[in-house]
Amino acid sequence: MLNKITTKLTKSLEENGLSKFLRDIRKFPMLTAKEENSLALDWVNNKNFKAAHKLVNAHLRLVVKISMGFRGYGLPLNELISEGNVGMIQSLERFDPSKGFRLSTYAMWWIRASIQEYILHSWSMVKIGTTAAQKKLFFNLRSLKGKLKALEDGDLQPEFVTEIADRLNVSEFDVIDMNRRMAGHDHSLNA
């Protein structure tokens with residue numbers, strides 16, 4: 001049933017374009033904590049599709065905001081948003097309003113996880129982040145390089161490698177390997 005929402009959102013994003021989608025999601029009102037809790041209880045207890053639809057639509061701005069944070073990986077923003085929508089739906093399926101948290105607090109983690117998985121699978125034909133440490137390194141290497149002012153292409157200076165390895169609790173070899181993999185993109189064997 002919730003797959004219909006995902007399909008509808010993705011179709012809207014593809015057919016109408018990103019700018020229209022961004023304009024359209026502003027039309028959906030933000031929910032108060034009381035409204036959100038009431039809708040969530042209606043969804044969890046009665047599987048009311050309309051309640052789920054309202055909850056998802058009210059949180060589309062959150063999906064877009066989180067998706068914007070992943071723009072630097074060279075993937076189209078509309079695809080990142082679509083994957084974020086999948087994460088939003090997954091969070092709604094698992095959300096328990098009796099725990100006292102807002103849906104947005106819970107959904108944020110599912111949205112990020114869905115987008116990160118998509119990036120890992122789409123970024124390269126060669127699988128890169130298979131372990132938790134590799135995923136952490138993949139998603140934090142660029143920002144740490146920026147903080148250390150080491151954004152130049154090519155190999156990192158040894159002191160930067162050591163600093164990044166210490167901060168992320170990974171080996172220096174892993175930092176060097178991931179940096180090289182991120183710097184070089186896939187090339188056709190025919191080329």
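Contact here means heavy atoms within 4.5 Å. The model is predicted, so local features need pLDDT of at least 70, side-chain atom pairs count only at pLDDT 80 or more, and totals for chains, interfaces and linings use all residues. Residues are numbered from 1 along each chain as its sequence is written, and side-chain values use heavy atoms, with hydrogens and water left out.

Glutamate 36 sits in helix H3. Helices (H or I, at least four residues) and strands (E, at least two) are DSSP runs, numbered from the N terminus. Apart from neighbours up to four places away in sequence, glutamate 36 contacts Leu31, Leu55, His59, Arg102, Leu103 and Ser104. Its relative accessible area is 2%, so glutamate 36 is buried. Buried means under 20% relative accessible area, exposed over 50%, and partly exposed in between (1.4 Å probe, protein chains only). The side chains of glutamate 36 and histidine 59 form a polar contact of 3.1 Å. A polar contact is a pair of N or O atoms within 3.5 Å; within protein, one must be able to donate a hydrogen and the other to accept it, and residues adjacent in sequence count only if both atoms are side-chain atoms.

The chain contains 10 helices and 0 strands. Its pattern along the sequence is α-α-α-α-α-α-α-α-α-α. Of its 191 residues, 38% are buried. Among contacts with a separation of 6 or more, 63% join residues 24 or more positions apart. The accessible surface is about 11300 Å², and carbon and sulfur atoms contribute 54% of that area. These areas come from the Shrake-Rupley method with a 1.4 Å probe; for residues, only the protein chains shown count as cover.

Confidence was examined next. The mean pLDDT of the chain is 83, and 81% of the residues score at least 70. pLDDT is the predictor's confidence in each residue, from 0 to 100. Where pLDDT is low, the predicted coordinates should not be read in detail.

The largest nonpolar core holds 48 residues. Such a core is a set of buried Ala, Val, Leu, Ile, Met, Phe, Trp, Tyr and Cys residues joined through side-chain atoms within 4.5 Å. The members that touch the most others are Phe70, Leu80, Ile119, Leu137, Phe138, Ile164 and Val175. Helix H7 (residues 103-122) supplies the largest share of this core, 7 residues. Beyond four places in sequence, phenylalanine 70 touches Leu80, Arg112, Ile115, Gln116, Ile119 and Phe139.

The structure holds 7 aromatic pairs. Rings of Phe, Tyr and Trp (its six-membered ring) pair if their centres lie within 6.5 Å; planes under 30 degrees apart count as stacked, over 60 as edge-to-face and the rest as tilted. Tyrosine 73 and phenylalanine 138 are stacked, 5.5 Å centre to centre, with 20° between the planes. Tyrosine 73 is in the loop between H5 and H6 and phenylalanine 138 in helix H8 (residues 132-147), so their pair ties together parts 65 residues apart in sequence. Both residues are buried. Phenylalanine 95 and tyrosine 106 form a tilted pair, with 5.8 Å between centres and 45° between planes. Phenylalanine 95 belongs to the loop between H6 and H7 and tyrosine 106 to helix H7, so this pair links parts 11 residues apart in sequence. Phenylalanine 95 is buried at 7% relative accessibility, whereas tyrosine 106 is partly exposed at 28%. Ring pairs also join Phe70, Tyr73, Phe138 and Phe139 into a cluster.

Serine 91 lies in helix H6 (residues 77-94). With 0% relative accessibility, serine 91 is buried. Its side chain reaches the backbone oxygen of methionine 88 at 2.6 Å. Outside four places in sequence, serine 91 touches Leu103, Tyr106, Ala107 and Trp110.

Phenylalanine 28 occupies the loop between helix H2 (18-25) and helix H3 (33-46). At 29% relative accessibility, phenylalanine 28 is partly exposed. Phenylalanine 28 and arginine 61 are 33 residues apart in sequence, with 9.2 Å between their C-alpha atoms.

Aspartate 174 is part of helix H10 (residues 172-183). Its relative accessibility is 30%, so aspartate 174 counts as partly exposed. The C-alpha atoms of aspartate 174 and glutamine 134 are 7.8 Å apart, across 40 residues of the chain.
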